[in-house]
Amino acid sequence: MADRDDTLYRRTACAGAPVDLFFPDPTRPDAQRLEQARAICADCPVREACLAAGMAEEHGIWGGLTPRERRVLRRKQRGEAA
Ligand code: SF4
């Protein structure tokens with residue numbers, strides 16, 4: 001993922017994975033590919049840093065979470081109802 005921090009990227013579990021696995025077309029949800037991405041993220045040594053870096057991002061899978069899941073997490077962190 002070329003737009004991610006380069007230092008972080010070199011240690012990621014997704015290095016070499018297809019970019020569209022982590023930045024899928026939002027108009028064409030694919031549960032199977034989402035689970036593939038989540039499985040890669042589950043073993044990633046920089047997962048927490050990735051999620052922190054991607055919390056404000058509106059697109060893509062960051063730290064194993066979708067944009068919607070990150071929005072819910074942001075609301076929870078702010079103490080708002082989900
Ligand atoms: S948590 Fe997932 S998207 Fe983030 S760097 Fe690791 S494998 Fe890539």
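How much space lies in the largest pocket? About 490 Å³, in this predicted model. The lining of this pocket comes from 20 residues. Pro24, Asp25, Pro26, Pro29 and Ile61 lie nearest its centre. By class, the lining has 9 nonpolar, 8 charged and 3 polar residues. Three helices each supply at least two residues of the lining: α2 (19-22), α3 (31-42) and α5.

Helix α5 deserves a look of its own. It spans residues 67-77, and its buried residues are Pro67, Arg70 and Arg74. These residues lie on the same side of α5, because they cover an arc of only 60 degrees around the axis. The spacing follows a general rule. An α-helix has 3.6 residues a turn, so residues three or four places apart point the same way. What covers the buried residues of α5? The cover includes α4 (47-54). Arg68 and Lys76 sit on the other side of α5, where both are exposed. After α5 comes Gly79. The phi of Gly79 is positive, near 80 degrees.

Now the cysteines. How many disulfides does the structure hold? The count is 0. A disulfide is a covalent bond between the sulfur atoms of two cysteines. Cys14 is buried, with a relative accessible area of 7%. Cys41 also counts as buried, at 9% relative accessibility. Both values fall under the 20% cut-off for a buried residue.

Terms used: Residues numbered from 1 in each chain as written. Predicted model: local features only at pLDDT ≥ 70, side-chain atom pairs only at ≥ 80, totals over all residues. Heavy atoms only, no water. Buried < 20%, exposed > 50% of the residue type's maximum accessible area, 1.4 Å probe, protein only. Helix = DSSP H or I, 4+ residues; strand = E, 2+ residues; numbered from the N terminus. Arc of directions from axis to C-beta. Contact = heavy atoms within 4.5 Å. Disulfide = S-S within 2.5 Å. 1 Å grid on protein atoms, 1.4 Å probe; cavity = no way out; pocket = protein on both sides within 12 Å on 5 of 7 lines; lining within 4 Å. Points joined across faces, edges and corners; volume = space filled by probe spheres on them. Nonpolar A, V, L, I, M, F, W, Y, C, P; charged D, E, K, R; others polar.
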